[in-house]
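This briefing is intended to be read alongside the sequence and the three-dimensional structure. Please keep both in view while working through the points that follow.

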Amino acid sequence: MNNTRRKFLQSTGLVATLASMGVGSSILSACSGTKSRNDHLNILCWEGYNSERVLGPFRAKNLGAKVRAESGTNDPDMINKLRAGETNVWDLINVNQPWARAQLFPSNLIKTLDKDRFLKYYDLMMDEFKGPYPYAFDQSGKELIGMVQRFGPFSFVVNTDKVSRKTAEDQGFKLFLDPKMKGKYAILTYDDWNIIHLALAADLDPSKEFSEDDFKKFKLVSDQIFKNAKLLSDDMTKLNQALVNNEISAYFTGGTYTASPARIEGHKQIRAITPAKGPVDGKGGVVWVEVTSLVNNPNPSTLAADFLEYVQQPEISKVVAFAEGTHNPVAQMGNPEVLKQFLPDELDALQWDSLKEEMARSIDYPIVPSHDKLIEIITAAKRTG
């Protein structure tokens, strides 16, 4: 997901600077492997896990430990940090579901989890994640490589006073190709997600290599949807406000993640929509699921596995779900002890009433093999729209 980036002082650049200055520090020694790092924990994650509400209690349980986190703005950038040699900096990495199995584990950037310690937590999760949840395992299906927690359907958002839920679900992404919607919708410019949603709008599977005909279909749909949009913005708060003020009736690209902040404030007419049908095995929606894994740090910290276990606790699972900024369901809500932490209004903000059916209509967030060329197409569509 796209989020505000938070600065984290510890980086390889800082380590290099300290080394060049001859400065001794716990950070330098921790990263250089000169002594145990069991009093350090560095987390590379999507925004939310870096919240003081999440980290504070863990710090209190581990007095004296240096627990820090940095949020990323996209999965490939976070993965590239590890590829660039920062495996000696980070202890945990938190990315969307396809990357751990497809790239991180095969590249030896993450390592396996102790099944005896962690597999039992999957038995308490929602049915969709109970073992074996494929993206938590390596490609052989034998090695546990991550723990899941936050997730959410992510397609588009409407004001149901303007566009009924049924109409939106029935039309799916074709809603934004309807001439009646010209000038009545916005685009949340999360490029990687726009690509996936535009492909679905063009009846294409974004996880497949595109043919020349596929690129033409994609371009045709992209040009029309960008051209007819009233507003483009990467600020979901701005677009939620435009919905509340009836300036627009819908926005292209969005989901529980973006609609929940408006819904928790009482704007129940703002609703994330998952299409009832679509071009990928009959499915038209997309769901993201975060997987958190142990980085293959040559000087690992025991706090990393402890943190993975800590966030399974009912009270902390709720805090993770309602971390600052956005609110999202967590897989742990299959555990009654977790579910009872949520108030009725909070469940309604997460669209708990339709969550299971929306999951059933959604494909998993894919790695897009034609990504680079598709980015060029939508960049051009933005300029001419």
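Which residues line the largest cavity? The model is predicted, and in it the lining is made up of Ile43, Tyr49, Leu92, Asn94, Met147, Val148, Gln149, Thr292, Phe307, Leu308, Val311 and Gln312.

**The cavity**

- One cavity of 30 Å³ or more is counted, and the volume of the largest cavity is about 70 Å³.
- Two or more lining residues of the largest cavity come from each of β3 (92-96), β5 (147-159) and α12 (303-310).
- Strand β5 supplies the largest share of this lining, with three residues.

**Strand β1**

- Ile43, one of the residues lining the largest cavity, belongs to strand β1.
- Ile43 has a relative accessible area of 2% and is therefore buried, the cut-off being under 20%.
- Beyond its neighbours within four places in sequence, Ile43 contacts Leu55, Arg68, Ala69, Glu70, Trp90, Leu92 and Phe307. Among them, Leu92 and Phe307 also line the largest cavity.
- The C-alpha atoms of Ile43 and Pro98 are 19 Å apart in space, and the two residues are separated by 55 residues in sequence.
- Asn42 is also placed in strand β1, which spans residues 40-45.
- Asn42 is buried, because its relative accessibility is 1%.
- A polar atom of the Asn42 side chain lies 2.9 Å from the backbone oxygen of Val89.

**The nonpolar core**

- In soluble globular proteins, nonpolar side chains tend to be buried together.
- In this model, the largest nonpolar core contains 123 residues.
- Phe129, Ile225 and Phe307 have the most contacts inside that core. Phe307 is also listed in the lining of the largest cavity and among the contacts of Ile43.
- Ile225 touches Phe176, Leu177, Tyr185, Ile187, Leu198, Ala201 and Phe252, with residues up to four places away in sequence left out.

**Salt bridges**

- The model has a count of 22 salt bridges.
- One of them joins the side chains of Arg271 and Asp353, with an N to O distance of 3.3 Å. Arg271 is in strand β9 (residues 270-273) and Asp353 is in the loop between α15 (344-349) and α16 (355-360), so this pair ties together parts that lie 82 residues apart in sequence.
- Another salt bridge links Lys318 and Glu346, whose closest N and O atoms are 3.1 Å apart. Because Lys318 lies in helix α13 (residues 314-321) and Glu346 in helix α15, this pair ties together parts 28 residues apart in sequence.
- Lys318 and Glu346 are both buried.
- Glu357 and Arg361 also meet through their side chains in a salt bridge, at 3.1 Å from N to O. Through shared partners, salt bridges join Arg165, Glu169, Glu357 and Arg361 into one network.

**Helix α11**

- Why is helix α11 described as largely enclosed by the rest of the structure? Helix α11 covers residues 256-264, and eight of its nine residues are buried, so the rest of the structure largely encloses this helix.
- The buried residues of α11 are Thr256, Tyr257, Thr258, Ala259, Ser260, Pro261, Ala262 and Arg263.
- Gly266 follows α11 and has a positive phi, near 105 degrees.

Terms used:
Residues are numbered from 1 along each chain as its sequence is written. This is a predicted model: local features need pLDDT of at least 70, side-chain atom pairs count only at pLDDT 80 or more; totals for chains, interfaces and linings use all residues. Side-chain values use heavy atoms; hydrogens and water are left out. Helices (H or I, at least four residues) and strands (E, at least two) are DSSP runs, numbered from the N terminus. Buried means under 20% relative accessible area, exposed over 50%, partly exposed in between (1.4 Å probe, protein chains only). A polar contact is a pair of N or O atoms within 3.5 Å; within protein, one must be able to donate a hydrogen and the other to accept it, and residues adjacent in sequence count only if both atoms are side-chain atoms. A nonpolar core is a set of buried Ala, Val, Leu, Ile, Met, Phe, Trp, Tyr and Cys residues joined through side-chain atoms within 4.5 Å. Contact means heavy atoms within 4.5 Å. A salt bridge is a side-chain nitrogen of Lys or Arg within 4 Å of a carboxyl oxygen of Asp or Glu. On a 1 Å grid over the protein atoms alone, a cavity is a set of points where a 1.4 Å probe fits but cannot get out, and a pocket is an open set with protein on both sides within 12 Å along at least five of seven lines; lining residues have an atom within 4 Å of a point. Grid points are joined across faces, edges and corners, and a volume is the space filled by probe spheres set on the points.
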